[in-house]
Amino acid sequence: MSNKTVIIVHSGDMDKLYSALIIANGSLSMGMEVSLYFTFWGLERLKKGGLEKGPFSKMNFLGLGKWMVKSRMKKANVAPLEKMMTDFKELGGKIIACEMTMEIMGIKQEQLRTEWIDEYGAVGTYVHEAKDAEITLFI
Amino acid sequence: MTKIEVDTRGETCPVPLVECRKALRKATPGDEVIVTGTHPASKKEIPMACESMGLEIIGIDEEADEWKIRIKR
């Protein structure tokens, strides 16, 4: 079955990570396969304690904007990123960490949430994953 | 045949859809999964997901803001 979604998670911004994980979990829920390829600022979010650390892409105002939007999200009962990630793994989602980003940013495997990561790869891994995917996005 | 109840009342996107999928994965063929919720878009999207997975919807009930979808695994 080539019924698959592949997303490059390039941004480390919180709102964009929400978009990526909502689309990913939605795809899994529709019975599709999903791979998330974490690279550049996105990979920072896979660091231990880093998942919720991203700023907002707009109106962050040194964290004040993020705090305001987060309190509204809590009111609207939006699930935390940690739950979305747990659901993603439970539904069989795959995570690939970009090796080149690790090298450039000096990120060691032991700094990452390795329990989430299925594979460490480069561009070939992404192309291999995406060439038969019906949905592929760069976020 | 077992009946599996999933309560997503008060939850928003994408939780009802995800919880429904989690329950369907745990269910065995012949089981009935009953999802209750209040999120309006999920009332349309859960049947869409079931259709793309080839699962049968036994019934959809609605009362005020609350809906109940019965799915045959």
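Author: What follows is a short talk about chain A and its contact with chain B. This is a predicted model, in which local features need pLDDT of at least 70 and side-chain atom pairs count only at pLDDT 80 or more, while totals for chains, interfaces and linings use all residues. Residues are numbered from 1 along each chain as its sequence is written, and chains are lettered from A and ligands numbered from 1 in the order in which they are written.

Reader: How many helices and strands does chain A have?
Author: There are six helices and five strands in chain A, counting DSSP runs numbered from the N terminus: H or I of at least four residues for helices, E of at least two for strands. Along the sequence they follow the pattern β-α-β-α-α-α-β-α-β-α-β.

Reader: Why is chain A called as compact as a globular protein of that length?
Author: Its radius of gyration, taken over C-alpha atoms, is set against a globule rule of 2.2 Å times the number of residues to the power 0.38. For 139 residues the rule gives 14 Å, and chain A has 15 Å, which is close, so chain A is as compact as a globular protein of that length.

Note on methods
Contact = placed C-beta atoms within 7 Å.
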